[in-house]
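Welcome, and thanks for taking a look at this one. Below is a short briefing to read alongside the sequence and the 3D view.

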Amino acid sequence: MACHTPAGSAPQGHKEVLLIGPPNVGKSVVFNHLTGMNVSMANYAGTTVDIARGTGRFGEFPVSLVDLPGTYTLAASNQAEEVATDMLAGPADLVLIVADAVHLESSLFLVLQILEAGHPAIVILNRIDVARRRGIEVDAGLLAERLGVPVVPTVAVRSEGFDALRHEVVQALREPRVPVPLRGDPWEISEELCRAVQQTSGDDSDLHDLPPHGAVPHPRRRIRFGENALIQPWPGLLIAGLALLTAVGIIVGLGMGMRQFLLLPLVRGHLFPLLRSLVTALVGQEMIRNILIGEYGLLIKGIEWPFTLVLPYVISFYLVISIMEDTGYLPRFAVLLDGAFGKIGLRGSHSISLLLGYGCAIPGILSSRAMGSRKERIILATMISLAVPCISQTGAIFALLAEANLLLVPVIFLLSFMVMIGAGLILDRLVPGTRSRLVYEMPVLLVPQRRVILRKMIGQIRHYIIDGALPMVVAVGIASVLYETGILAYLGRFLAPLVTGWLRLPEEAAVPLVLGVVRRELTVLPLLDMGLSPVQLLVGASVGLFYVPCIAVVATLSREFGVRIAFGHLLLTVATAFLVGGVIARVGAFL
Ligand SMILES: Nc1nc2c(ncn2[C@@H]2O[C@H](COP(=O)(O)OP(=O)(O)OP(=O)(O)O)[C@@H](O)[C@H]2O)c(=O)[nH]1
Ligand SMILES: [Mg+2]
């Protein structure tokens, strides 16, 4: 999930313009286009869960544009929707209501409610490309006349319709007009309006394949085999299994390939020898030389770990996830898992949060805002912060285990699943509260767009470099100084009983436990050059896997659920890490 500026209010002299609409209609794509920012967009409901603010210029007006979480109605039913309705209740100079040309009627229902809020408004009629492919034409002129506000048709992913939109925004800011709300039952009006402005031609059965609301297709409506097959246990589960295997295969294969054949030879064969000879020639002072190119050399490990061991997996993971997100397949996968997830107090839709957690825990935890009760969110956050390795950590685990023994990799992931399920089962009984009744929207299946995938990947890689790689470089720098000054050895001796006695690892394996507090993958990477046995590798990897979440994750937990729960997570993760590590060390001794 890309970074965005927090809510706040519009900067002085800026017009406040809100982007609001139902989930998954393309609000964030419109926002990115108008502001030049790169907030997350994906083909399922609930991608945006908080406010993103960006600035742009429309004619003579500097504008502060706000991207809001999607909402079906103004009677908010979850935390993400509340954010949207609260903003609408505040002051705004203009509201851009993004409507879906494919599901016009339900969009109009929301448009009518928003118009009642009494802000000047423009309706953006998005996704007209998909609507046209389905034989749906919407008379935007007539709709504008009936609603009493401008209606601009757009294809946001292809930047179509934005000149007209900019023109209308400038007009609306110059001469703000509060729309006159239509009187009557909003459902009846939207149905009547929809009939009046929408013409369907040819076979419009696609329209009814999967309705906008509800995970299960409407039983009275015709369903095409192709799409329905994905959410029936047979052959849906087989297809899901194959899709998952292919995804893992591509992530691992591509990541390893980039690392082994491209990045490692490049840095180890060319860059490092160059850096070593440069530093040796230029730096006379031994300690500084060692800090730069020694055991934890900033110029060696600070480049090798974040950029050659982890970055390839970040690239391959987000390539695969971006494609999956953009097709709209993930919610179908979620429907299939609903039954299994029900056993651990969750819903199938939470599988999307878990999947995002394999990238980074923070978006995984935040995404549940749009889909769950507090109980479900706590269970999910615990599973993620305890047992879901983020992509950096996965890269580190691969680097540690795959070269020594490829079989150790499935063992560690099996362990992670077991702990995850165990935590779910226990917390379902312990945490008070109910399961949500939320019905999950089923988006239209779309062919992924190269431009969108590229944009998402650039956003994720930039995000990794700023929030992942740079802190890692700083941590390596600190480790290097601590190592060369002997402080690390002192800390190691302090932790020795736990490390050597309980975990049966060499004393120096205390180092990752200290560094891991900063970044999770640092609980694993320093073990690389310690010549550990297979059992010790497994102990080290599992301690690293379950050990404390990154500082940023603890801060997120505390903000979302309170300090008590964040502290509880710290205790739980440390206890689990040492318990599992110690048990493996003892069981391993018999093997
Ligand atoms: N074909 C087509 N796809 C679009 C268009 N606009 C957006 N999309 C796709 O629709 C999906 C949803 O886009 P987002 O911008 O994430 O939607 P959102 O309204 O912000 O969604 P939430 O944050 O979940 O409320 C993405 O996969 C986009 O690539 C469009 O005009 N045509
Ligand atoms: Mg969005």
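## Arg127 and a tour of the model

Arg127 is buried, because 27 other C-beta atoms lie within 10 Å of its own, and 20 or more are enough to count as buried. This is a predicted model, so please read every value below as computed from it. The protein chain is divided into domain 1 (15-200) and domain 2 (235-438 + 451-590).

**Two arginines with positive phi**

- Arg127 sits in the loop between β5 (121-126) and α4.
- The phi of Arg127 is near 65 degrees, a positive value in a residue other than glycine.
- Arg504 also has a positive phi, of about 55 degrees, although it is not a glycine.
- You will find Arg504 in the loop between α20 (487-502) and α21 (510-515).

- The centres of domain 1 and domain 2, taken over C-alpha atoms, are separated by 39 Å.
- Where the domains touch, 13 residues of domain 1 are in contact with 17 residues of domain 2.
- On the side of domain 1 that touches domain 2, eight residues are nonpolar, five are polar and none is charged.
- For residues 14-175, UniProt gives the feature "domain: FeoB-type G", from an unreviewed entry.
- That stretch, residues 14-175, is 36% helix and 24% strand, and its end C-alpha atoms are 16 Å apart.

**Nonpolar cores**

- The largest nonpolar core has 162 residues, and Ile97, Val123 and Ile124 touch the most other members.
- Helix α12 (residues 301-327) provides the largest share of this core, with 10 residues.
- Why does this core lie between domain 1 and domain 2? Domain 1 (15-200) and domain 2 (235-438 + 451-590) both give residues to the core, so it lies between them.
- Val123 touches Ile97, Ala99, Val111, Leu147, Val149 and Val151, leaving aside residues up to four places away in sequence.
- Another core, of five residues, lies apart from the largest one; among its members are Ile291, Leu292, Ile293 and Leu299.

**Around ligand 1**

- Ligand 1 is surrounded by 27 residues, of which Gly26, Ser28, Met41, Thr48 and Gly70 are the closest.
- Helices α1 (27-35) and α4 (128-133) each supply at least two residues of this shell.
- Which of the helices gives the most to the shell around ligand 1? That is α1, with three residues.
- Sorted by class, the shell around ligand 1 has 13 nonpolar, 10 polar and four charged residues.

**Transmembrane regions in the record**

- An unreviewed UniProt entry lists residues 230-256, 305-324, 344-366, 378-401, 407-427, 464-483, 535-557 and 569-589 as "transmembrane region".
- In the model, residues 230-256 are 89% helix and 0% strand, with end C-alpha atoms 30 Å apart.
- Residues 569-589 are 100% helix and 0% strand, and here the end C-alpha atoms are 30 Å apart.

**Helix details worth a look**

- The peptide bond from Trp234 to Pro235 is cis, with omega near 0 degrees.
- Pro235 belongs to helix α10 (residues 233-282).
- Gly302 is part of helix α12.
- Gly302 is buried, because it has 22 other C-beta atoms within 10 Å, and 20 or more are needed for that class.
- The C-alpha atoms of Gly302 and Ala475 are 8.5 Å apart, although 173 residues separate the two along the chain.
- Gly302 touches Val473, Val476 and Gly477, again leaving aside residues up to four places away in sequence.
- Helix α14 (residues 350-357) is mostly covered, with eight of its eight residues buried.
- Those buried residues of α14 are His350, Ser351, Ile352, Ser353, Leu354, Leu355, Leu356 and Gly357.
- What do the buried residues of α14 pack against? Their partners are α13 (330-342), α15 (361-367) and α16 (374-387).

Terms used: Residues are numbered from 1 along each chain as its sequence is written. Chains are lettered from A and ligands numbered from 1 in the order in which they are written. This is a predicted model: local features need pLDDT of at least 70, side-chain atom pairs count only at pLDDT 80 or more; totals for chains, interfaces and linings use all residues. UniProt positions are given in the numbering used here, feature names are shortened, and annotations may be inferred rather than shown by experiment. Helices (H or I, at least four residues) and strands (E, at least two) are DSSP runs, numbered from the N terminus. A nonpolar core is a set of buried Ala, Val, Leu, Ile, Met, Phe, Trp, Tyr and Cys residues joined through C-beta atoms within 7 Å. A residue is buried if 20 or more other C-beta atoms lie within 10 Å of its own, exposed if 12 or fewer, and partly exposed in between; C-beta atoms are placed from the backbone. Domain bounds come from an automatic or database domain assignment. Two residues are in contact if their C-beta atoms, placed from the backbone, lie within 7 Å. A residue is near a molecule or strand if its C-beta atom, placed from the backbone, lies within 6 Å of it. Ala, Val, Leu, Ile, Met, Phe, Trp, Tyr, Cys and Pro count as nonpolar, Asp, Glu, Lys and Arg as charged, and the others, Gly among them, as polar.
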